[in-house]
Amino acid sequence: MVTLLLDSERLEVVLSPIERAVGFRRGNIQVLREQIAKVMLTDDAWIWLRGVPSPATTVPSVMAIGTWKTGSGRDFAVIRGRRPSVVIDLEGHEDYERLLVTTRHGLELVRALRLEGDHDKRPGSETDPESTV
């Protein structure tokens, strides 16, 4: 299963040598925290998979690892079976618009992003220091 590393500046999707080989990827995927637009938890990442594999290795309902081309860009997936996963929508990332990753630590990831990376400073929001709510 893929490893997710999160610090104050970035999220890194650490791929094993086998995941790199079948996903046709030379290295890990790094995403700056400000590029993370939304994180969703799902019990079935397959319904979020979009586009066509290019390049990727896929065995339907068993595994999907690699890049999927969509009409608007590219997604990267590391999906194994029908296990809990996270769907991470990105904005401004040079390679991908979305990451789909099977992990049992999705809830912890969402909590960590909320606690450490709350960038929502709209007036009246919970994180707005001048909010009078």
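Asp-95 is partly exposed, at 27% relative accessibility. This residue of the predicted model takes part in a salt bridge with Arg-74, whose side chain it meets at 3.9 Å, N to O.

**Salt bridges**

In total, 7 salt bridges are counted. Three of them are set out below.

| Salt bridge | N to O distance |
|---|---|
| Asp-44 and Arg-82 | 2.7 Å |
| Arg-50 and Glu-97 | 3.6 Å |
| Arg-74 and Asp-95 | 3.9 Å |

The bridge between Arg-50 and Glu-97 spans 3.6 Å, N to O. Arg-50 is placed in the loop between β4 and β5, and Glu-97 in the loop between β8 and β9, so this pair ties together parts that are 47 residues apart in sequence. Both partners fall in the partly exposed class: Arg-50 has 28% relative accessibility, and Glu-97 has 26%. These two residues also belong to a network of salt bridges that links Arg-50, Asp-75 and Glu-97.

Asp-44 and Arg-82 form a salt bridge at 2.7 Å, N to O. Their side chains connect distant parts of the chain: Asp-44 lies in the loop between β4 (36–42) and β5 (52–59), whereas Arg-82 lies in the loop between β7 and β8, 38 residues apart. Arg-82 is partly exposed, with a relative accessible area of 48%.

**The aromatic pair**

How many aromatic pairs does a search of the whole structure find? The search returns 1 aromatic pair. Its members are Phe-76 and Tyr-96, with 5.5 Å centre to centre and 55° between the planes, a tilted arrangement. The pair is classed as tilted because an angle under 30 degrees would count as stacked and one over 60 as edge-to-face.

Phe-76 is part of strand β7 (residues 74–80), and Tyr-96 is part of the loop between β8 (85–90) and β9 (98–102), so the pair ties together parts that are 20 residues apart in sequence. Are these two residues buried or exposed? Phe-76 is buried, its relative accessible area being 1%. Tyr-96 is buried as well, at 4% relative accessibility.

Note on methods:
Residues are numbered from 1 along each chain as its sequence is written. This is a predicted model: local features need pLDDT of at least 70, side-chain atom pairs count only at pLDDT 80 or more; totals for chains, interfaces and linings use all residues. Side-chain values use heavy atoms; hydrogens and water are left out. Rings of Phe, Tyr and Trp (its six-membered ring) pair if their centres lie within 6.5 Å; planes under 30 degrees apart count as stacked, over 60 as edge-to-face and the rest as tilted. Helices (H or I, at least four residues) and strands (E, at least two) are DSSP runs, numbered from the N terminus. Buried means under 20% relative accessible area, exposed over 50%, partly exposed in between (1.4 Å probe, protein chains only). A salt bridge is a side-chain nitrogen of Lys or Arg within 4 Å of a carboxyl oxygen of Asp or Glu.
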